[in-house]
There are 4 protein chains.
Amino acid sequence: MSQRNELQRIEAFSDAVFAIACTLLVIEIGVPHVEDVLRPGALWPALKAVWPSFVAYLIAFASLLIAWANHHRALKLLVRSSGALLYANGFLLLTVTFMPFPTAVLAEYVNTAQANIAVFFYSAACLTMNLGFNLWWLCVCRPVRLLAPSVSKAAERRVTIQTLSGFTFYLCTTALSYWLPVTALIIISGVQVLWIVMSVEEEDRVESTDSEQVEPLTPVKAHGSWLSTIEV
Amino acid sequence: MSQRNELQRIEAFSDAVFAIACTLLVIEIGVPHVEDVLRPGALWPALKAVWPSFVAYLIAFASLLIAWANHHRALKLLVRSSGALLYANGFLLLTVTFMPFPTAVLAEYVNTAQANIAVFFYSAACLTMNLGFNLWWLCVCRPVRLLAPSVSKAAERRVTIQTLSGFTFYLCTTALSYWLPVTALIIISGVQVLWIVMSVEEEDRVESTDSEQVEPLTPVKAHGSWLSTIEV
Amino acid sequence: MSQRNELQRIEAFSDAVFAIACTLLVIEIGVPHVEDVLRPGALWPALKAVWPSFVAYLIAFASLLIAWANHHRALKLLVRSSGALLYANGFLLLTVTFMPFPTAVLAEYVNTAQANIAVFFYSAACLTMNLGFNLWWLCVCRPVRLLAPSVSKAAERRVTIQTLSGFTFYLCTTALSYWLPVTALIIISGVQVLWIVMSVEEEDRVESTDSEQVEPLTPVKAHGSWLSTIEV
Amino acid sequence: MSQRNELQRIEAFSDAVFAIACTLLVIEIGVPHVEDVLRPGALWPALKAVWPSFVAYLIAFASLLIAWANHHRALKLLVRSSGALLYANGFLLLTVTFMPFPTAVLAEYVNTAQANIAVFFYSAACLTMNLGFNLWWLCVCRPVRLLAPSVSKAAERRVTIQTLSGFTFYLCTTALSYWLPVTALIIISGVQVLWIVMSVEEEDRVESTDSEQVEPLTPVKAHGSWLSTIEV
């Protein structure tokens, strides 16, 4: 079985783990209990009281979606796997599957006096997930370079900078969260929305440069064009 | 890696999320507790009392199955992906994974005085899922058309009309549910059954026109015939 | 996209649902609570008291595994899909995802005075799953025959007989369970073990006839030989 | 459908089950409840008290990851399936899906007087999973050899030794756990880390011997080189 298949298997396994982690987030939202069931409209305030769970669900889903998109985008640059990558990928998935827990803690305590600890814990979990991705990328770059020969040094450096800046970002929000939990949470959400918008624009730029690909070119050319746009 | 593979990955990830969301619905059905375990037959009334959960489970499963079938049918018309589509698909999956929660609320309160709020909430969740699909389809059609060149304007308009009429439908049931929750729920279920029947007949019509495909034709012809039957 | 891909997608979605349903069974086993934690060995009787959950878990896992193997074996005979099959498959998956609930009820009440109802409910769920498979197979055979031309009438009749005899079997155990729950449960388990053993021998017979396939033959021959052994 | 596809299906189904089992582990970690929510910092001790769950989660995740890697590595050596393998694989998956339960028991009781029973139970579950893998490998080797002709006897014996030594190891830790639970748990974790490190080095050695594969060789050569390095 070729190396390409080895990568496909890592991708398939990772995709399944990401998909399940995303879906499990909703289990943590408990059905609200209404004491006075007979009074009409009593469910409204009970549903409204669940808002921290909704917010935590949204934020955590966005985090996992971004992590999944990044994981996939980086994986596409590889031509082969390694033993170290297999387990670095496993560690990354460990941090991914852990996310439902800090999310549940966040939902439970974000609107209490414990908010700073809850946001700190959540932000630290994001930091760990990012650390897992940095480690994953390190295993891609050394000791043996697993990237396709067509991936330029500039493209490689670009991903390195992205993962390291993500690390710095979560380090700052984790530190900030202890004093200003709500501010830290708003910054995390805001930057994540920004990442999504930037990523959409970037991919669309790639797409538009790439649009002649729909008319089948020679395979090598089509493959090269995608990579070359990254270097820009 | 080609654009076709990019679409396959989106499909595989989405399929996993749909499959998990469908399966998680059953977790919300709690095992009934019998106080007088020693009295023979005491489990009967306890099991019967779970009927709202069964009903909610059936309705929600049907909703997700229809959403999955629609998602797949539309995805088959695409030849390429875009950054916007990636995240529009992510938003659609967010609304899909959320469904177990309104389903659990529906199961808990459909036979209480809170029924109108529970059905309203459930119907609004369906509306949001439909909104996610409308957004998804919008990203398919513009700014860059991601559809296969062989997909006619008529076929494109057809899907647009279907998604918009679904939106109008859920808007009406959501409004209705506040005054007539049970009626709204029956209308939702009835129309979903109707959709399934119509969709079966439509696909079978496509199939029967398509039946010569079993004998391998030239690939282009086989592909074209499927699409041309849609325009009819 | 060809019909073959349509079938692969149904298979992938079904596989994911089966896999999740299998895995969710374990969630229903609650961690035993020990009142006198300080007394050494107090966990033993608590763990032993969970045995009905273990038994229910084993039986339900075997049921789902057999259903998965049958589903897959039948799916391999198809060359094309239909709208009716898509939703018949959806109904089958509905009955599959439902299984964790009757399993949990069985685990909770199998060693109480409510055993007859619990086994009746579990057996009825198996009956419904079998009904789903009968319906699925009906949609394969008519109105349009979706089977590969190389599948003989004898092979088709064989699957029909298997599904119908399974239906009769579960009908009997469901009826029996109301008076003799434990006997019914033992019969269900015993017959399932028998099915597995028979199925292993059958497949191995197919394999041994098939063993020259490892040396690549002409594709048509290799495909034909698998099917022809079924007719024997 | 060819035998290769039969193996791919087993791999896909197994991958899904492993992925879900890994992800479900986190569900068992309960959100800590804080009695005095108004007192700042009250969440810290509550979060710290969850440490046994974290430890159990880490150890169980590592076990499942190793099992998944071994399962996949062995599966790559096969060229065909058999009926016995199908159900041996099913039994292996049964033991895999069971893991979240002993993990939850371990988390609940590892820091109580019941630790010996909890670790014994967890270690016995690992032993059963290993037994499942031994059975799986037995079905691969006999009565019909399902391995690729290019897999040498030495490579086959190597896997046999690995699975049997794993069995001996877990037998020892299970016995030890009854008297020295914490020591047994540390030995299990330590040896698992060792396995991961060894496995990384081994795969990297394979990779470095294999590195010319990136430049496409003749397919037969590329496939052969991977297998021949195993025999070394």
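Predicted model: local features only at pLDDT ≥ 70, side-chain atom pairs only at ≥ 80, totals over all residues.
Student: Which helix gives the most to the side of chain D that touches chain A?

Tutor: Helix H1 (3-24), helix H2 (43-48), helix H3 (51-75) and helix H8 (181-209) of chain D each give two or more residues to the side of chain D that touches chain A. The leading contribution to that side is 10 residues, and it comes from H3(D).

Student: How many residues of the side of chain D that touches chain A are nonpolar?

Tutor: In this contact, 50 residues of chain D meet 39 residues of chain A. On the side of chain D that touches chain A, 9 residues are polar and 11 are charged. The nonpolar residues of that side number 30.

Student: What part of the area buried between chain D and chain A do carbon and sulfur atoms give?

Tutor: Chain D and chain A bury an area of about 4,000 Å² between them. Of this area, the part given by carbon and sulfur atoms is 72%.

Student: What rotation superposes chain D on chain A?

Tutor: Two copies of a chain are related by a rotation about an axis and a shift along it. For chain D and chain A the shift along the axis is 0.0 Å, and the RMSD is 0.0 Å. The rotation is 90 degrees. That is the relation of a four-fold axis.

Student: Why do chain D and chain A meet through different surfaces?

Tutor: One compares the interface residues of chain D with those of chain A. The copies meet through different surfaces because the share of interface residues of chain D that are also interface residues in chain A is only 6%.

Student: Which helix of chain C gives the most to the side that touches chain D?

Tutor: The contact takes 50 residues from chain C and 39 residues from chain D. Between chain C and chain D, 11 residue pairs are in polar contact, both at pLDDT 80 or more. Helices H1 (3-24), H2 (43-48), H3 (51-75) and H8 (181-209) of chain C each supply at least two residues of the side that touches chain D. With 10 residues, the one that gives the most is H3(C).

Student: With which residue does Glu156(C) form a salt bridge?

Tutor: Side chains of opposite charge can pair when their charged atoms come close. The closest N and O atoms of the pair that includes Glu156(C) are 2.9 Å apart. Glu156(C) lies in helix H7 (residues 153-177) of chain C, and its partner, 11 residues apart from it, lies in the loop between helix H6 (115-141) and H7 of chain C. That partner is Arg145(C).

Student: How many salt bridges does the structure hold over all chains?

Tutor: Across the interface of chain C and chain D, the rule finds 0 salt bridges. Over all chains, the number of salt bridges in the structure is 8.

Student: How far is the sulfur of Cys172(D) from the closest cysteine sulfur?

Tutor: Over all chains, the count of disulfides is 0. The closest cysteine sulfur to that of Cys172(D) belongs to Cys126(D), and it is too far for a bond. A disulfide needs sulfur atoms within 2.5 Å, whereas the distance from the sulfur of Cys172(D) is 14 Å.

Key. Residues numbered from 1 in each chain as written. Chains lettered and ligands numbered in written order. Heavy atoms only, no water. Contact = heavy atoms within 4.5 Å. Salt bridge = Lys/Arg side-chain N within 4 Å of Asp/Glu carboxyl O. Polar contact = N/O pair within 3.5 Å; in protein donor to acceptor, adjacent residues only side chain to side chain. Helix = DSSP H or I, 4+ residues; strand = E, 2+ residues; numbered from the N terminus. Least-squares fit on C-alpha atoms with pLDDT ≥ 70 in both. Buried area = accessible area lost by both parts, 1.4 Å probe. Nonpolar A, V, L, I, M, F, W, Y, C, P; charged D, E, K, R; others polar.
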